[in-house]
Amino acid sequence: MTRDFLTLLAVILLLGFTSCGGDDDDEVVQTEKQTGYVVQTQSGVGQDISNFIQFFDDIPSGSIDNTQGKSFQQFNVSSKASNFIVSRNISGGDEGYSQVKFNLEGEAFESEFLPTLAFAGFVGMQNSETGFYGDGSTENINIFNPTTMQNTGVIDMTSAYRVPNWTSVTWETYVVRGNDLFVWTRPAIAGSGSFYASDSAIVNHIDLASGTYQSTSFFADKGLSRRTTENWVDGQGNIYFSVGGAGGVGGTPAILKIPAGATSFDPGYNFDYTAPVSSSLGILPVLAGNFEYHQNGKGYTVVSTTVPQELTDFLNANGGLAAILADPDLLNQALALLNASANGQFIELDLVAQTATVIPTLPTVSASASGVTIIDGKVYCIATSGGINAVYQYNPDTGAATEVFNVTAGGRILGFYKIGE
Amino acid sequence: MNPKPLLQLITALFLACCLKVSYAQQNILEQKVTITLQNQSIKDALRNVSDQAGCFLNYANSEVDNTRKINKAFDAVPLRDVIQEIWGSNQIKIIANGRTVKIIPTASRSTRAKKGNLRGLIKDEKGAPLPGATILLDGTRTGGFTNSKGEYFLNNIPVGNWQVEASFVGYQKDTKDITIAANKTLIVDFTLQEGVSELDEVLVIGKTKAAQLAEQAITINTVNAQELQGQTQDVAEVLDRVEGVRIRQSGGLGSQTNISINGLTGNSIRFYYNGIPSEFLGGGFELNTLPISNVDRIEVYKGVMPANIGTDALGGGINVATNQSSLKSRDFSYQYGSFNTHRIAGSFTQPLGDKWYVNVNANYNYSDNNYEMEVENNTYAPNLPFPTGTEMIRVRRFHDAFSSFLGHVNAGYLNKEKRLSLKAGVYLTATSREVQHGVRVNIIPFGEMEYKGQDTYLKFDLSKGFSEKWQLNYSGIAGYSRVMITDSSQSVYDWNGNNITSINPAIFRINGAELLGIPSISDVYNYNTVNRVGLTRSFKHNFSIGLHHFFAYQDRRGREELEINYIAGEDPNQTGFQIARNITSLEVQKLLFKQKLELLATLKSFQYTTQGVNTLTRGSGTRSELPIVTSAEQDWGYNTAIKWQFHKKMFLRASYEDALRIPTQTEIFGDLQTIVPNFSLQPERSQNFNAGLKADLSDLIKINLNYFIRSQRNLILLQILDVESARFINQNRVYSSGVELALTGELTKHLSFVWNITHFDIEIRAINQLQDDFLIGKPVPNIPTFFSNLGLTYTLEDIFRQDNTLQFNLDGQFVDEFSFIQEGRVRNDDNWIPTQYAIDAGLTFQLKEKISFNFQANNLLDAALFDVISVPKPGRNFAVKVRYTY
């Protein structure tokens, strides 16, 4: 009897300790992917645009059918932090920002939502706890917590510069350097449509320690910096802004600089990197893809470099360049041809020496439909024109470029991202 | 559960049941009878026939004309034809149930009082009967066609002296004076001499205009709206039940409608109002604001359109024909329904002497459209200048009221002797619409944006016959459509209807507009003229040629009241945007083999010119420097159609068309708001093939089966350029094919049904961007491809007193789910418009064909119905209607 009792007691105690063990460990069961890679492609026109989003645990390779992912009508990646991406409202409509995570099956889903009053455009992030966003119904900049997607404050921008006759303003391209936040002004004058309504580049400085607007800096004859990026600040604190090069939003591409320790443009730094590589274009507009700072004073972008054959044929068939320039309709068609043509090349920029070098090992592409991204310290080039729809890795040390993966279905590659960096 | 197999099973069972009913009823009525009747009364003749056929004849003695004697021999004639012959009228319904045959007169006794009948044979000089010949009672515009034996029957003719006229294409008319006696049947035969004749417009007994159209060589579905005028439906709701047709609405009464015919949508489908393309008539002519009370018939053209209506429609069109008869009539109705909806309609026609008449049509609609819906709403906290979160709430729409008025007055002159018809009139509309949201239901609703429209048009119609060979027709309008848009509010609203800005001034719309990117108070006029002239020449041997020309000119100009939107003198609204179109058609028609084979062919020339400001390259100088761009295009199209009447109750038809659609004003010039111009836009093209079978399986069951193939290229689609702007471009090549089946009939004496089902595939065959290669072979998204409608009508006659009828109707609709965009492997429910089942029911009580009362319950299941993603349609709602007509 006693032995039976002791045995029973021993079993009870054993079970008790065993069950308590789990509570003490407080194990966290993950329900979302914490790190991985995301490929975004886009197809269709009009109301029927599909954005296919596919998650990969490792960097993908070979040929990808991106329709294996999930499709969204709207997916405008604005920034990313921790294990999520922030996009304009993925359920459609203009208002609000969606925080997008990936479940354990890799399916994208809206995990949080940050409402706005009107048009939601761009966000910037200092870290996973602090971010900034514009709201089409306020001329101020809002502060939010990207993890909880809750508004946490407002930066009063009422004293910031406004172009004459302005009717609205969009805050674009947030760049954080320590306690400095730099935000670009995109002014609009009613009736100007999508054209940039200023003849100067305009950037505002905000002191994040006090949360106050400080000053506005201008650079004459330059356009808008309209690139979402997180790699513009070098190790010393110099900020390299890419401006212009996109249809309608402003002028010839160039790199401008706010030096380390300064809060306004370096008036002597105007790196016209297109001059050495795009001279054959003559007076034709030069298009540029996005710019990414890499390391050691080097950055990468893609820019149109040659007159495409189809445009030459078009000019010849319509009486030459003078006739085209005199006819707005023909000029529109010529610009559309230029926009779609694979007449651009990836280039390496030495931001200190202010030199530009064409990377011959990467394919010729359309500058407006291609771009650069830095992941895990490596340079990836997205090439999507001339029958190519692939991501290449470029090795600056060897000059070699290798195809990492290509997309066979799902439309044009629009983005290649890493979450959980 | 996937509903497709279930629905297909139900469909198959239903079809089998219908066919079974049809087969069972055919047996006794198709039984051949051989009998000789000599000087027998109708009752005796019927008794002898029933004895020989072994059936029981059931009819009311009081309905029999016992004064008439029968002298006729029948040799192996179907029982149905024998009964009809003995009865002496085709205005009877013959229903068999086993061995019992019931004879039901379709004309009421009261209408037959003091009236007589006329019947006879129309034949040619050689004695051959002329099927399809016209018989016309002079002065009444009442008449009919001969049957396959060349026989005609005109019943219920008021007693007295008449002149009756027989005519047939390719033959000379013949006229005789007759005297109709009460309750007597007069037999008058005609022998027509070969020559040239022309048909006048007639009101056909037995076959309505809608029924005639449905039997043309080109594929047409017609809705005889006269049968529905007591009900509460509008034209959009009626059309939505036609096979192959989907009318998608972005909300309640007055919301925008999108027509889809066999997969073609948007501007590819033309909507005509009395033959005039609605795009030239302005916003007062929307399908869902036209009450059925004012409509005579609705014609749905699939593929080829006749040259006298068609313009540059790509794959068909819809023509709504209103009541424009010259006969005396009065019709008034009032309807009240959920969401404070009022609909008033009236029509009035008064002959003035024997040649002149005046016709007035008018309707007024109003609705608060404040139906409930689930919506995501922003939440706010006092003194915080941003939303603090979102919530899902059930609310009533609060800024969606709509009102519209449409009236037209016509004065007409009809001189049959001179073959001349003239009509002159004026169209007036006024529309007011509050706007609650954009294309989607936004988290922030609109609380102040408004749209107002006015249309004023003069209309003139002429029809003149010259000799017996030539016919000239002209129809034209001239006038303007005015559109006033006010979108200049800085206030932010929530879905509870609160003006948040008035509570917290720190929250406001900085851009000063709700829908548009910039504030706008615009007042724009579209000056339009549309002219259509046609000349037809008839030849011997059933051959005719028609030359038709369509000319339309639009000039859009106006002003933006908020001068800040444009530099002084640079408002492109004031410079104007012009587009002129010329479409010329040459049509030939030939009837062969005693009119059993009909051939039709048309060659079309399309030409258009445009002129407008290219706002993309607008400079900052003076108005004289505005970049004016002009363009001109010319192209060809053609079509051909064939119809083969291989049985008196069955025919096959097929048509082929290489069609073209000229881009619209907005597609070329943009809208001066978010859509930028594209002067390089090319017309859309489509090659369409349609084939169909139309058959009366029995007296009670009719079938209409159609198959179509379509190949479109240069599709005009909206391309999003960036967050603020878009433009129309030529895009993919699309191929579609499908089938539609419709059955109509009577299951019992009281119960009739209409059932149809449409299924098609529509896929992308070529793309313009290499990266979209994978779309080839994929379906085109955002188009419903599988849907079905079932309508049951139960009618009881002589309720409470003679000639009163009580009608119960039940309508069900099924639309299979479809994705708004291309879907990936992983389904995203947010992209899908779900499978929908809608059931409507109505009860109509008609008092002696003069006053009717209708009660209608729509969406009985209170189902979540969507035509457009995220924009729900009204839930369960009710309406009552009273109509007076005489």
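Reader: How many bridges join strand S10 of chain A to S11(A)?
Author: Three, and the strands run antiparallel, with S10(A) spanning residues 131-133. Strands here are DSSP runs of E of at least two residues and helices are runs of H or I of at least four, both numbered from the N terminus; two strands pair if DSSP finds at least two bridges between them. This is a predicted model, where local features need pLDDT of at least 70, side-chain atom pairs count only at pLDDT 80 or more, and totals for chains, interfaces and linings use all residues. Residues are numbered from 1 along each chain as its sequence is written, while chains are lettered from A and ligands numbered from 1 in the order in which they are written.

Reader: Ok, and what's the bridge partner of Tyr133(A)?
Author: Asn142(A), which sits in S11(A).

Reader: Which order do the strands of that open sheet take?
Author: It goes S9-S10-S11-S12 in chain A, four strands with antiparallel pairing. S9 (123-125) and S12 stand at the edges with a single partner strand each, so one side of each has no neighbour in the sheet. Neighbouring strands are turned by 30 degrees against each other on average, direction ignored; the axes behind such angles are lines fitted to C-alpha atoms (for helices, over the stretch in contact), and angles run from 0 to 180 degrees between N-to-C directions.

Reader: Where does Met149(A) come in?
Author: In the loop between S11 (141-145) and S12 (150-155) of chain A. Met149(A) has a positive phi of about 55 degrees although it is not a glycine.

Reader: Buried or exposed, that Met149(A)?
Author: Buried, with 21 other C-beta atoms within 10 Å. The rule is 20 or more other C-beta atoms within 10 Å for buried, 12 or fewer for exposed, and partly exposed in between, with C-beta atoms placed from the backbone. Thr173(A), in strand S13 (residues 168-177) of chain A, is another non-glycine with a positive phi of about 55 degrees. Thr173(A) is buried too, with 22 other C-beta atoms within 10 Å.

Reader: Switching to S18(A): how many of its residues are buried?
Author: Five of its five, over residues 254-258. Ala254(A), Leu256(A) and Ile258(A) point one way, Ile255(A) and Lys257(A) the other way.

Reader: What does S18(A) pair with?
Author: S17 (residues 239-243) of chain A pairs with S18(A) in the antiparallel sense over five bridges, and Tyr240(A) has Lys257(A) as its bridge partner. S19 (residues 270-271) of chain A also pairs with S18(A) in the antiparallel sense, over two bridges, and there Ile255(A) stands opposite Phe271(A).

Reader: Which residues have the most contacts inside the largest nonpolar core?
Author: Val183(A), Ile255(A), Leu256(A), Val302(A), Ile347(A) and Cys381(A), in a core of 90 residues. A nonpolar core is a set of buried Ala, Val, Leu, Ile, Met, Phe, Trp, Tyr and Cys residues joined through C-beta atoms within 7 Å. Its largest share, five residues, comes from strand S25 (residues 378-383) of chain A. A second, separate core of 70 residues includes Ala225(B), Phe285(B), Val304(B) and Ile318(B).

Reader: What does Val183(A) touch?
Author: Ile141(A), Trp171(A), Tyr174(A), Asn204(A) and Ile206(A), leaving out residues up to four places away in sequence. Contact means C-beta atoms, placed from the backbone, within 7 Å.

Reader: Now chain B. How many helices and strands?
Author: Nine helices and 52 strands. Chain B has 886 residues, of which 43% count as buried.

Reader: Which residues of H3(B) are buried?
Author: Leu79(B), Val82(B), Ile83(B), Ile86(B) and Trp87(B), in a helix of residues 79-87. They lie on the same side of H3(B), because they cover an arc of only 125 degrees around the axis, the arc being that of the directions from the helix axis to the C-beta atoms. Just after H3(B), Gly88(B) takes a positive phi of about 80 degrees.

Reader: Last one: where is confidence lowest in chain A?
Author: In helix H1 (residues 2-25), at a mean pLDDT of 55, while strand S26 (residues 390-395) is highest at 97. pLDDT is the predictor's confidence in each residue, from 0 to 100. Over residues 16-24 of chain A the pLDDT is below 50, and beyond near neighbours in sequence this stretch has zero contacts in the model. Where pLDDT is low, the predicted coordinates should not be read in detail. Chain A averages 84, and 85% of the residues score at least 70.

Terms used
Contact = placed C-beta atoms within 7 Å.
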